[in-house]
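Me: I have a structure open and some terms I want to understand. Can I ask where each label comes from?

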Amino acid sequence: MYLRIRTWLQSRGNSLPQEKRLTREAVISLIIHSTFQFGASMSGVFLNLYLWRLTHSVAVNGTYSIIVYLLTPIGFAIGGWMIKKKDRMVSYRLGIMLIGLFYLSVIIAQEALVEYYIAFAIFNGLAGAFYWVGYLTLMYDVSTEQNRIRYLAYNMIFFTMASLAGPALAGFIIRLKEGLSGYTIVFSIAFCMFLLAAMISMKIKASSGHHRVYYLKWTGLIMKKERDWLKALLGFFGMGLLQGIMLFLPNILLFKVMPREDIVGYLGVLYSSLSIVMGMFISKYAKGSKSRLYLMLSTVGYLVGVSFLLGSITIWSVVGFMILYSIFSPLQGNTMTGYYYGLIAKLPLKGELKVESVVVRELFLNVGRVISIFCFITFGSDLDGGLIPWILMAASLTQFALVWSIKNR
């Protein structure tokens, strides 16, 4: 598989200058993340529905997500320390293995998950943080300023392809089995995919320069001096205000208007397909000089999508909203990530703050997520009420702040 994917990527880059082509480690990182995401998309999407089937409570789902996002910055800080003192692959592999153990625990607990959902949320938040701080650091290391937009676009394409196949297969399995046994099978397959991702990660060697100084406590002072960096971090805070709700609400809404897990999975295929098309467009045509335009377009797309929900929440209005969100979310995410990685290289100490930058970015992003989920639980937990579209509209309007948070490169 690795050789086939590498050959395909090289053939796509044969007409490009050498500095824009992807390295061997960049290709391996794409394979690892795709394998991981296949398992994560199978299990993560349906973990929310699993909780929903057991509790029928938006408050439980929202509280679970809040705990995860509160623990994530703490996990990022600890993972960042591991990267500085050991290596990025230590945190990365530990994250993969812990997430595998998390879903193994879900399999063992089954319905008892509800009784201990707070402990499971803590476990999930820390495990996911170790994975993502390692992976985000790795993404910076295996890409350069010349090929980063292309690498990020391919990363999104492979990520989305895995996200396309995972929910569809999971939905089919769950529909095939009666009761909650299908969920157990899905979580078991996900566990095997995480083990496979951990084994493939052994192909990436540790980086040199271990035991470096961890400058996390100095980032507040750096923000005062580097105003562009602070503005970008505030942009990620704004991004989290919409993202927090969107990470758990859509599938619950879909299941409410169409109570079949397989339909939720198949619609996930549609959404992922649209994101792949957008990813291919970004990889070929996106330019750093038009970053603010891309963020403006994505926000307008969100607002148009939310307007479908203002009349009533039906299967068609929810699907219409998610179609537009799936098209414009990759444009927003790729633009912000590419811009932020470009800023990291310009910070003091010439790239030595990459780990700290990833950790601080996650703090701002997750504070936004927690605030938005808390507001949703407080004002929109009644799915039959009419406040949900207006909460999403308010969260979408905040995305205009992202245009202010960056400047064209």
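Me: Why is F194 called buried?
Reply: This is a predicted model, and the value is computed from it. F194 has a relative accessibility of 1%. Buried means under 20%. So F194 counts as buried.

Me: How many aromatic pairs does the structure hold?
Reply: It holds 16 aromatic pairs.

Me: Why is the pair of F36 and F194 called tilted?
Reply: Start with the distance. The ring centres are 5.1 Å apart, and a pair needs centres within 6.5 Å. Now the angle. The planes stand at 40°. Under 30 degrees would be stacked and over 60 edge-to-face; the rest are tilted. So this pair is tilted.

Me: What does the pair of F36 and F194 tie together?
Reply: F36 lies in helix α2 (residues 24-55) and F194 in helix α7 (residues 181-200). The pair therefore ties together parts that are 158 residues apart in sequence. Both rings also belong to one aromatic cluster, which includes Y92, F102, W132 and F187.

Me: What makes F321 and Y325 a tilted pair?
Reply: Their centres are 6.3 Å apart, and the limit is within 6.5 Å.

Me: Are F321 and Y325 buried or exposed?
Reply: F321 is at 4% relative accessibility, so F321 counts as buried. Y325 has a relative accessible area of 13%. That is under 20%, so Y325 is buried.

Me: Why is I149 not simply called buried or exposed?
Reply: I149 has a relative accessible area of 24%. Buried is under 20%, exposed is over 50%, and partly exposed lies in between. I149 is therefore partly exposed. This residue lies in helix α6 (residues 148-176).

Me: What makes helix α3 largely enclosed?
Reply: Of its 28 residues, 20 are buried, so the rest of the structure largely encloses α3.

Me: How do you know that the span of α3 is close to the expected one?
Reply: Helix α3 (residues 58-85) reaches 40 Å from its first C-alpha to its last. The expected value at 1.5 Å a residue is 40 Å. There is a bend, though: about 25° at T72, with a proline, P73, following within four residues.

Me: Why is helix α15 called mostly covered?
Reply: Seven of the 10 residues in α15 (residues 388-397) are buried. Among them are I388, I391, L392 and A395.

Me: What does L392 touch?
Reply: Leave aside neighbours within four places in sequence. L392 is then in contact with L242, I245, M246, L249, V306, L309 and F321. L392 is also one of the residues with the most contacts inside the largest nonpolar core, which has 136 residues.

Me: How much of the chain is buried?
Reply: Buried residues make up 58% of the 409 residues. The chain has 16 helices and zero strands.

How values were computed. Residues are numbered from 1 along each chain as its sequence is written. This is a predicted model: local features need pLDDT of at least 70, side-chain atom pairs count only at pLDDT 80 or more; totals for chains, interfaces and linings use all residues. Side-chain values use heavy atoms; hydrogens and water are left out. A nonpolar core is a set of buried Ala, Val, Leu, Ile, Met, Phe, Trp, Tyr and Cys residues joined through side-chain atoms within 4.5 Å. Buried means under 20% relative accessible area, exposed over 50%, partly exposed in between (1.4 Å probe, protein chains only). Contact means heavy atoms within 4.5 Å. Helices (H or I, at least four residues) and strands (E, at least two) are DSSP runs, numbered from the N terminus. The expected span of a helix is 1.5 Å times one less than its number of residues. The bend at a residue is the angle between axes fitted to the seven residues ending there and the seven starting there. Rings of Phe, Tyr and Trp (its six-membered ring) pair if their centres lie within 6.5 Å; planes under 30 degrees apart count as stacked, over 60 as edge-to-face and the rest as tilted.
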